[in-house]
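Please read it alongside the entry shown here.

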Amino acid sequence: MNALKSLGKLVWGGKNCPEMFKLSSGVLYELRPKAKVVRKCLYKDCELSIRQTTIPHQYQLIATCVFDEGEDDLNDVLDDERAFLIGTELRFVSTTFEGAGGFRWQDESAGLEYEYIVDTQLINKPTRDAFALAVARCVWERINSKPYTEASEKDVARIMQQAEDEDIDRMLKQVKIEDEDLGAATAVRPRSSAVKASTSGDATTATAVASVAPPKWELPPEPSEMAVGEIIVSALGELYLFDARNGEFVQVAEEVALTVVETDTYTYWMNVASNERSYSSQQIEPEMNAVFNHDHGSLIWNYFDDRRAYSFSVVAADSKHYEALHQGMTRAAYETLNREPWAKATVSSQDYMLDAYEEDADMLPVPDGWVSDDEEYVSDEEPETAEVHGKSVQQADLSEEDSVSDSDSDNSSSSSDSEEEDEIDQIFRKEPVPQGVKTTRGEVDDSSSEESESESESESESEESDGESAVSGDSESEGGRRLADANAVNSKLAVGYKHGRSFVVRGSQIGVFKHTDGDDIVFDTTINRVDDTHGREFTPTSVLLHEQDSSLVLMDSQRPNDLYKMDLEYGKVVEEWRVHEDVPTLAVAPNTKFSQMTGEKTLVGLSHNMLYRIDPRLGGDNQIVQGEQQSYVTKNMFTSAATTESGAIAVGSSKGDIRLFDRLGVRAKTALPALGEAILGIDVTSDGRYVVATCKTYLLLIDTKVPDDSAGRTGFQRSFPQSQKPAPKRLQLKPEHVVYMGAPISFTPAKFNQSPDGNSSEKTIVTSTGPFVITWNLRRVLGTGRGDAYHIKQYPDVVVADNFRFGQDKSIVVTLPNDVQSVRRSQLAKPTRESLMVRPSGSGGLLSPRDSIVDSPY
């Protein structure tokens, strides 16, 4: 009794305090055992308290939503408080979920059940016990209409025990174990017990499984051991393996059990095994490249060992097993990447992620006027489909031999070109000159060689007399410094918006390339050395064209608080901007999508938790415009930003979430949940309708138009209703194609083609992985809902950067470590075995493209 009274002040507080007891931090769920999502997150940040009513000896349990900066508007939430009358009918009991303690109770009047899981970092077990005791006291007071101080310890304990007993009885009545579920959970057995249980009537016998003839395909070696842990999902199905030689999936086993086990906190493994053998045991991670297909009830994924890549597929036994597999794998992937419980995500966020992981989720509507335009795309693509076993007969592909021969003849006829021009060209582009590229030497014929030589000499003499060596072809600069680091390779690309120039960073140098009317790209000149205003040499980690392409804004990872303006007429840094003493800038974007074509001075800057406008005209050590910045208390780990034509901003983070702002200085109108993988890059169409976010193994395409909005507004202009989050579309490579590629996927930041004239919208998306450049036709994706309909072209080396030539999508600038090329989009074709793999000379076998690069010079 004394122990009971000792908690009186803690529980009941003061006379003027309406809340008698409060738990300050937790998550409130609505439990729905029969629904697709069994836990619906109502308030992801919630306070739970006991409040006295105006009626003596009656109390309420109050769950209150707590809003933080960056949350959705209050208008989008139906209510921010739930109240429950405390009594025996509440059946208030303690519970745990994923290692965290909390409480569960019922609302009989509404037929609902709720669960509150506390933040274990802020609320310990003694505090939870005290809260449970306080609720029991409230129940006793209501039953007896007396103050709790008249209750004995046994009276209160009896109330708590009765609630626990009733809860256990209720759960036992709901438990139903089906034979097929039991079989799925026990299907993975040691190899020594390769028998199959069959049931006939009441008799159960063990029958040996018939041996299977040796297959023609090659399975990966059997795992030495299978991952062990708590099974969170188990599904039965047929197992298939992609046969790379025949280009089709072949059945490996008629029945396997696919189990997802939790080996450690937020660490999951997937086991696949039958009674005969174990097939794979691998950690769930992005490189699996998992694809779900609802229509076929299947999962396809990649499996890598030390020798090669494989592609497996499990076709679930029925819809029940497929749904279990889909939800279990999505949950495991989410928790692995986000390091937080799946149940903490709201129901709309969970649906958003389930849709994103499914190949044939309901796709976005095709905008008006795009149907007829698709016919134009089909006609453009007709030459690509004229392909036999991956060997195209169109002139674009046959031009490779012509290009080589032309290059040889041009090289021989241009021997009189200046040595300095030859050396500069060789820095950015190694011989032989690849298909589709013409250097300045390649433009010179025999009849004009003397004229070109004299012009080159006169230009060189003029540069020497002016004393300017920043933009020249000299092999050495002051002090005998070498022109380029021997180990430097091309790293960054900036495609010109106005003057038909592209700029490629190579170490502390910048190569300048010119686009021709024939969609070719030719070497123009080089900027020998990038120095800041103090003469310190650095390698730019980011480049952005600015002020009508007259300057470049450069970033140096060693000095993240500064930006550098390079005047392209002089080829040197002329201004150094200290953005803010305490704010390191991680990325910059133009003020609007096409402001680089104007004289606009300001930029959009991004730090790990802040979005702001930079105005270099302010001067001093703070060039952030006051009133035009939005900061967050927590580290949101922003990584990239992109702007629309009107100046709206899309921001991605390393957590994987995406925020849409209509302007600077305000909270995001829309916050899209994270799938888990970091956003490596983000781009948006000029009208803001579509956003493409780049993750390591897939692209995420999002339609930002708000459903049923009479004004046709997008998520940049208003928040999405809670129940109408946009259905994301994952653009990813087929796992079977990855088998041919022989290496995991790692995409470079994807880009839309640019359309500043307003006469046509963006049509195509381009990205790359390894030595492959890949494009998706936006209209075809929207029209068919297929995220795997892409075209591809392989290069002899890794592609480090790529982008469309400005104003069209017919030509793509491709940057390799030692080369810069321009390729026509029509030269990209549908992927085939021959286009994805290379055949070594004198060998009849297929080889991964990486194998032809490792030991051979470019």
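Which residue lies over the face of tyrosine 698? Arginine 730 does, at 4.0 Å from the ring centre.

1. Basis. This is a predicted model, in which local features need pLDDT of at least 70 and side-chain atom pairs count only at pLDDT 80 or more, while totals for chains, interfaces and linings use all residues. Residues are numbered from 1 along each chain as its sequence is written, and side-chain values use heavy atoms, with hydrogens and water left out.

2. Charges over rings. A charge is taken to sit over a ring if NZ of Lys or CZ of Arg is within 6 Å of the ring centre and within 35 degrees of the ring normal. Besides arginine 730 over tyrosine 698, lysine 793 places its charged end over the ring of tyrosine 795, 5.7 Å from the centre.

3. Aromatic pairs. Rings of Phe, Tyr and Trp (its six-membered ring) pair if their centres lie within 6.5 Å; planes under 30 degrees apart count as stacked, over 60 as edge-to-face and the rest as tilted. The count by this rule is 22 aromatic pairs. For phenylalanine 538 and tyrosine 564 the centres are 4.9 Å apart and the planes at 35°, so this pair is tilted. Phenylalanine 538 belongs to the loop between β24 (521–527) and β25 (542–546), and tyrosine 564, 26 residues apart from it, to strand β27 (residues 562–567). Strands (E, at least two residues) and helices (H or I, at least four) are DSSP runs, numbered from the N terminus. Both phenylalanine 538 and tyrosine 564 are buried; buried means under 20% relative accessible area, exposed over 50%, and partly exposed in between (1.4 Å probe, protein chains only).

4. Helix α7. Eight of the ten residues of helix α7 (residues 347–356) are buried, so the helix is largely enclosed by the rest of the structure. Among the buried residues are Tyr352, Met353 and Leu354. The elements covering them by contact (heavy atoms within 4.5 Å) include β2 (39–52), α6 (319–338) and β39 (699–703).

5. Salt bridges. The structure holds 28 salt bridges, each a side-chain nitrogen of Lys or Arg within 4 Å of a carboxyl oxygen of Asp or Glu. Aspartate 562 and arginine 578 form one, with the closest N and O atoms 2.3 Å apart. Aspartate 562 lies in β27 and arginine 578 in β28 (residues 572–578), so the pair ties together parts 16 residues apart in sequence. Aspartate 562 is buried, at 4% relative accessible area, whereas arginine 578 is partly exposed, at 24%. A network of salt bridges links Glu547, Lys565, Glu575 and Lys601.
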